[in-house]
Structure formats: structure tokens, C-alpha cells
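Please open the structure in your viewer and keep the selection tool at hand. The stops below are meant to be followed in order, each one naming what to select and what is there.

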Amino acid sequence: MQTEIDLQERIVTVKTKKRWNLKGSWQLHAMLLPAIVVVFIFQYIPMFGLVMAFQDYEPWLGFLNSSWVGLEHFKTMFEYEDARQVIWNTLVISILKIIFNLAVPLTFALLLNEVYVMKFKRTVQTIVYLPHFLSWVILGGILIDMLSPEGGIVNSILTSLFRIEPIFFLGDNDWFRTVVVVTDVWKECGFNTIVFLAAITSINPALYEAAIVDGANRWQQTIYITLPSMLPIIIVVGTLSLGNILNAGFDQILNLYNPLVYKTGDIIDTYVYRVGLLNGDFSYATAVGLFKSVISFILVVTGYRLAYKYANYKIF
Amino acid sequence: MYHYQKSLPYKIFTILNYVLLTVTAFLCILPLIHILAVSFSGSAAATANLVGLWPVDFTLDAYEKTIGNENFLRSLWNSFFRVVLGTAISMGLMLCAAYPLSKSDQVFRGRKIYMWFFVFTMLFHGGLVPTYMVVTKLGLTDTIWALVLPSAVSSFNLILLVNFFRTSVPKSLEEAALMDGANHFTIFLRIYLPISVPAIATISLFTMVFHWNSWFDGMIYMSDVKHYPLSTFLQTIIVQQDFTKMSVDAETLKNLSERTVKSAQIFIAALPMLIVYPFVQKFFVKGIVLGAEKE
């Protein structure tokens with residue numbers, strides 16, 4: 001009797017599977033088609049356009065008739081003082097951002113975890129997360145107004161407190177990177193704080209209870225339980241940000257910088273935009289962009305592999 | 001209450017902690033309050049830097065001037081249109097694609113290949129110049145399509161939807177429908193979509209915020225200020241301070257460069273986010289958690 005039911009079930013599953021495969025699969029392919037077309041046009045065709053990096057592309061000649069120059073644009077890139085400076089700026093800014101966008105939210109999450117008034121905790125979390133949703137255009141507008149040397153509120157406060165000359169934060173090469181990193185942490189720290197807080201809440205309470213029985217104080221609990229338990233998520237956030245080493249924040253920089261601070265603030269993306277779209281040097285800009293895409297590709301893949309290896313993280 | 005919470009150092013720490021967190025939270029929100037105060041202040045007081053966190057010589061002047069500017073209003077309308085159309089197209093494409101991708105490899109052969117097709121775009125990009133040329137060559141410049149199509153399918157959001165479909169739709173329900181002779185379209189519309197309302201809401205909100213905040217595409221693909229979405233308009237007026245693209249008379253020009261008017265425009269642009277934010281925050285937190293979900 002039992003085997004008969006088993007058999008029947010099996011026949012039914014086989015039948016269903018067959019129906020799914022033969023009759024239904026064209027529907028599945030059809031449902032994917034529109035998205036495939038859009039992605040192919042706007043993501044894959046530009047990849048073919050990268051051949052421009054090896055040409056002297058002239059719009060009126062097209063891809064087929066423009067002359068081939070091999071690696072010349074890449075050579076130019078490494079010889080240009082400008083381009084080298086831009087790569088260096090990108091690295092400095094993005095590495096500082098990665099470090100502070102890990103350290104500040106981590107500290108913040110640990111401090112918030114010591115708050116037992118739920119309403120207070122939620123309010124702080126909500127406020128800190130808010131700037132994440134505002135665009136760099138809005139934040140840029142606000143910052144330009146506040147940091148202005150002529151009557152910006154920050155300089156008014158500094159002048160009246162310390163009696164110093166107004167600082168031109170967005171026009172001074174000594175200050176620009178600091179401003180970029182600090183304002184980026186301001187905008188983004190709420191996001192990682194929430195990720196870290198979620199990790200803290202999922203720690204098994206029994207661990208803390210055991211530690212308390214053993215007489216551990218709160219500091220010791222943090223060092224020996226909370227931080228080690230958070231290690232996987234810290235590794236995930238850290239390794240995934242590896243892929244962003246050449247993304248120093250295009251939106252932000254483009255809204256904050258000006259020719260005065262190109263020396264310290266110009267990054268690969270803004271450079272490509274100016275050279276390529278504003279000056280019309282398509283091929284050279286594409287070469288710089290390709291250089292960035294290839295390095296980023298290697299870093300992103302490495303990041304995912306490390307995240308998988310050390311924290312068992314899979315995106316799909 | 002645990003005994004460590006009664007110790008003196010911990011009590012001191014707790015007080016300092018509350019103070020520190022309060023100060024930080026205030027620092028995060030102060031810039032917005034300052035801008036709001038400036039926008040409601042008299043123009044003379046704002047120019048003389050008398051405004052801190054409270055309006056001086058309260059007036060609605062700046063808002064009247066902003067609303068009176070037809071370029072501003074038109075860009076506001078462009079932005080609304082873009083958000084609605086862009087979100088509708090994105091969600092339509094991504095939901096339809098997420099359904100087949102959520103099937104198992106046995107049911108849908110070729111799933112892996114499709115999946116990699118999308119994932120690869122997260123790893124490697126053609127870059128700015130080639131993308132710009134594709135959009136230009138297709139003749140999309142100066143049309144709304146240049147703003148909504150190139151970004152329509154976000155692989156990241158697509159994966160979130162696939163993960164949600166895989167984990168939240170009961171397989172038994174699907175099999176029962178199949179027995180009754182339902183085809184894929186019916187199962188998708190009648191079972192998957194109704195069950196996934198929370199996920200759809202979350203991803204829609206992600207997409208709406210993205211469209212409301214996007215400005216760079218408007219700047220490179222639109223040659224006429226008439227087609228600018230609000231973010232692009234503000235970028236031109238407030239950040240670049242480039243008025244050459246506006247065909248405006250001297251009076252409007254003077255109005256637009258006033259500090260209070262600029263602040264009012266910034267605040268109006270931030271307003272939709274500020275209004276929906278408290279309500280959607282929990283959705284976004286859910287979205288982050290969705291993203292961390294493992295197969």
C-alpha cells in the first residue's frame with residue numbers, strides 16, 4: 001500500500017516536471033526577454049564600445065573607420081602628471097572612506113547597543129539614517145552654503161569661538177579631502193550602523209548570561225562576545241567595500257569640488273567626465289575608464305571570494 | 001538589571017553615552033534645520049548671517065519666489081513624471097524577470113546562464129563614455145527614455161526579488177495551482193505577486209528614491225532646461241551656479257541667486273524624502289536584511 005502511494009506520487013511529480021519543462025518553459029524565457037533586451041542594450045553594448053580605448057575615435061568616422069592606436073592612450077595616461085595625480089587622489093580618498101565608514105558605524109552601533117530606552121534608540125537611529133536618502137545635490141547645496149568662507153555658519157562659529165581667519169573648506173587643498181571624508185561618513189554611517197545593530201541583536205543572549213555568571217563586566221563582554229560575534233558581518237562589509245577602491249564618490253565630488261581643489265580632490269570618475277564628455281576626448285577618457293573598470297572588476301571578484309571564504313556570504 | 005549595570009563606572013559611561021549620542025544625532029540634523037531657518041528668514045538677515053537655527057524676520061517670500069519660477073515648477077513636474085514612469089517600468093521588468101529566475105535549475109534549464117548575464121553587469125561596466133554614446137546614438141537625448149531606460153534593471157534589486165520569491169512563496173501553493181492547470185503567467189499574477197507585496201513595496205521605494213535623487217543623467221542627456229528633472233535643475237542653479245542655460249531676465253536671475261531662495265529650493269527638493277522617510281524607514285531596514293539573506 002505504502003509503496004503504491006509512493007509510486008503514485010512519483011508519477012505525479014514526473015508528470016508535473018514534464019509539463020513544466022516542455023509546455024511551460026517558453027513562458028519563462030518570454031518573461032525574461034524584456035529585461036534581457038534592456039540590459040543588453042544599456043549594459044552590454046557599452047562594453048563593446050570599449051574598443052574605442054584602442055582607437056583614435058572620431059565621431060564622424062565611427063568604430064569601423066577610426067584608426068587603431070593600440071595601447072597608446074594607456075601609455076599617455078601613465079605619463080600624464082594629471083592622470084597619476086587623479087589615481088592617487090582616488091586611492092587616498094576611497095581608502096580613508098572605507099576605514100572610517102567601517103570604524104564610525106561600528107563604534108556607533110556598539111554605543112547604541114548600550115541604550116536601553118527603546119524610544120531613544122530608535123529616534124537616534126532614524127535621525128542618523130536620514131542623510132542617506134538625500135542626494136548629493138541637496139547635501140552639496142547645504143554644505144556649500146554652510147562651509148562658505150563668506151558667512152557660512154561653520155566659519156561664523158569658528159571665528160567667534162577661536163578668533164581665527166575664515167577657512168575656505170571647499171577651496172583649500174589642505175582641507176578638501178577631510179571635508180569629503182567627513183561629509184561622506186555623515187551621509188552614509190547610518191546605513192552600516194543598522195547593518196551592525198542587526199548583527200548585534202542576533203547574538204545568542206545565553207553567551208552574555210554565561211559571561212555575567214563568570215563575573216565579566218560590560219567592557220569584557222563587548223571585547224570577548226560582541227566583537228567576535230560580529231566578525232563575519234564586519235568581514236562582509238569590509239571585503240565588499242574593496243570593490244569600491246576606485247570609486248571615491250563621483251556624485252559627491254562633482255557637487256563639492258571646483259578647479260581650486262583639482263590637485264587633491266579630482267578623482268578618476270570626475271576626470272573621465274571632464275576629459276570625455278566636456279572636452280570630447282572620447283578615446284582617451286574611455287581608456288582611463290577601462291583601466292578603472294578592469295581593476296574594479298578584479299577587486300570586486302576578489303571581495304566576493306573573500307567574503308564567501310571567510311564569512312560564507314553569497315549574494316545569490 | 002544585571003549587577004554590572006549598577007557599578008559606578010558603567011553609570012558614568014551611560015550618562016556620557018546618552019550625551020554623546022544626542023549630540024551626534026543633533027549634528028546629523030542641524031544642517032537641515034539651518035537651511036530651513038534660512039529659507040523662512042528675511043533676505044537681509046540671511047545675507048548678514050544672522051540666522052542660526054531659528055528664522056529671523058519670518059517671511060514666506062523665498063517660497064513665493066520659488067513657486068513663481070516656471071523653470072522650477074516644470075522641473076518639479078518632470079521629476080514626478082520620471083519617478084512614476086521609471087518605477088513602473090523598472091518594477092514591471094524586474095518582477096517579470098525575477099519569477100523565472102526564482103525557479104529551480106531542474107524546472108528552468110538555463111537559469112544559471114541568465115543569472116550570470118545579470119550578475120556580470122554588477123562586476124563590470126562599460127563606463128561613462130560608451131554608455132553616453134549608446135544613449136545618444138539611439139536618439140534618446142532630450143526624451144524621458146534617456147532617464148528611465150538605462151537604469152531600468154538593477155541587478156542588485158533583481159537579486160533581492162529573486163531571493164524573496166525563493167524564500168517566501170510556498171511551493172505547495174504553486175504545485176496546487178499547477179495541478180489545476182494554471183500556467184506560469186497565472187501563477188505569477190495570482191500567487192507570486194499578491195504574496196510579495198512587502199518586497200514589491202520595498203524595492204519600489206528604493207527605485208523611487210533613486211529616481212528622485214538622480215541628477216547626472218539629466219545633465220548629460222538633456223540639452224534644454226525644459227527637460228531637466230528637479231535634481232538636475234538644482235545642481236545647475238545651486239551647485240554650479242550656472243545660469244547660462246536659463247533664458248531668464250535679470251530680475252528672476254537676482255531672485256534665484258538669493259540665499260533664502262536657494263535654501264527654499266533645497267528644502268522643497270528634500271521635502272518628499274523627509275515626508276515619506278519616517279514611514280518607509282522600516283521598509284528600508286527590511287531591504288537591508290533582505291539583501292543579507294542567504295540562499
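Begin with chain B, where, among contacts between residues at least 6 apart in sequence, 69% join residues at least 24 apart. Bear in mind throughout that this is a predicted model. If you colour chain B by secondary structure, you will find 15 helices and zero strands, and of its 295 residues, 39% are buried.

Next, select in chain B the residues 12-37, 80-101, 113-132, 144-166, 187-212 and 263-280, to which an unreviewed UniProt entry gives the feature "transmembrane region". Two of these spans can be viewed one after the other: residues 80-101 of chain B are 100% helix and 0% strand, with end C-alpha atoms 31 Å apart, while residues 144-166 of chain B are 70% helix and 0% strand, with end C-alpha atoms 34 Å apart.

Which residues have the most contacts inside the largest nonpolar core? Select Ala98(B) and Leu161(B), which hold that place in a core of 130 residues. Staying on Leu161(B) and leaving aside its neighbours within four places in sequence, show the residues in contact with it, which are Met94(B), Leu95(B), Ala98(B), Ala199(B) and Ile203(B).

Now colour chain B by domain, with domain 1 covering 3-59 and domain 2 covering 63-292. The contact between them takes eight residues from domain 1 of chain B and seven residues from domain 2 of chain B. On the domain 1 side, the elements of chain B that give two or more residues are helix 1 (8-39) and helix 2 (43-47), and helix 1 of chain B supplies the largest share, four residues. By class, this side of domain 1 of chain B that touches domain 2 of chain B holds four nonpolar, four polar and no charged residues.

Two loop residues of chain B deserve a separate selection. Asp57(B) is in the loop between helix 2 and helix 3 (61-67) of chain B, and its phi is near 55°, a positive value in a residue other than glycine. Is Asp57(B) buried or partly exposed? Asp57(B) is partly exposed, because 14 other C-beta atoms lie within 10 Å, and a residue needs 20 or more to count as buried. Move on to Asp142(B), found in the loop between helix 6 (128-137) and helix 7 (145-148) of chain B, where phi is near 70°, again positive in a residue other than glycine. Asp142(B) has 13 C-beta neighbours inside 10 Å and therefore counts as partly exposed.

Bring chain A into view for the next stop, where 79 residues of chain B are in contact with 73 residues of chain A. Select helix 15 (residues 259-292) of chain B, which gives twelve residues, the largest share of the side of chain B that touches chain A. That side of chain B comprises 55 nonpolar, 18 polar and six charged residues.

Finish on chain A, which is assigned domain 1 (2-52) and domain 2 (81-311), with 40 Å between the centres of these two domains of chain A, taken over C-alpha atoms. Residues 87-303 of chain A are listed by UniProt, in an unreviewed entry, as "domain: ABC transmembrane type-1"; this span of chain A is 76% helix and 0% strand, and its end C-alpha atoms lie 20 Å apart.

Lastly, colour chain A by pLDDT, which averages 85, with 92% of the residues scoring at least 70. Confidence in chain A is lowest in helix 1 (residues 2-48) of chain A, at a mean of 73, and highest in helix 4 (residues 81-113) of chain A, at 92. Where pLDDT is low, predicted coordinates should not be read in detail.

Technical notes. Residues are numbered from 1 along each chain as its sequence is written. Chains are lettered from A and ligands numbered from 1 in the order in which they are written. This is a predicted model: local features need pLDDT of at least 70, side-chain atom pairs count only at pLDDT 80 or more; totals for chains, interfaces and linings use all residues. UniProt positions are given in the numbering used here, feature names are shortened, and annotations may be inferred rather than shown by experiment. Domain bounds come from an automatic or database domain assignment. Two residues are in contact if their C-beta atoms, placed from the backbone, lie within 7 Å. Ala, Val, Leu, Ile, Met, Phe, Trp, Tyr, Cys and Pro count as nonpolar, Asp, Glu, Lys and Arg as charged, and the others, Gly among them, as polar. A nonpolar core is a set of buried Ala, Val, Leu, Ile, Met, Phe, Trp, Tyr and Cys residues joined through C-beta atoms within 7 Å. A residue is buried if 20 or more other C-beta atoms lie within 10 Å of its own, exposed if 12 or fewer, and partly exposed in between; C-beta atoms are placed from the backbone. pLDDT is the predictor's confidence in each residue, from 0 to 100.
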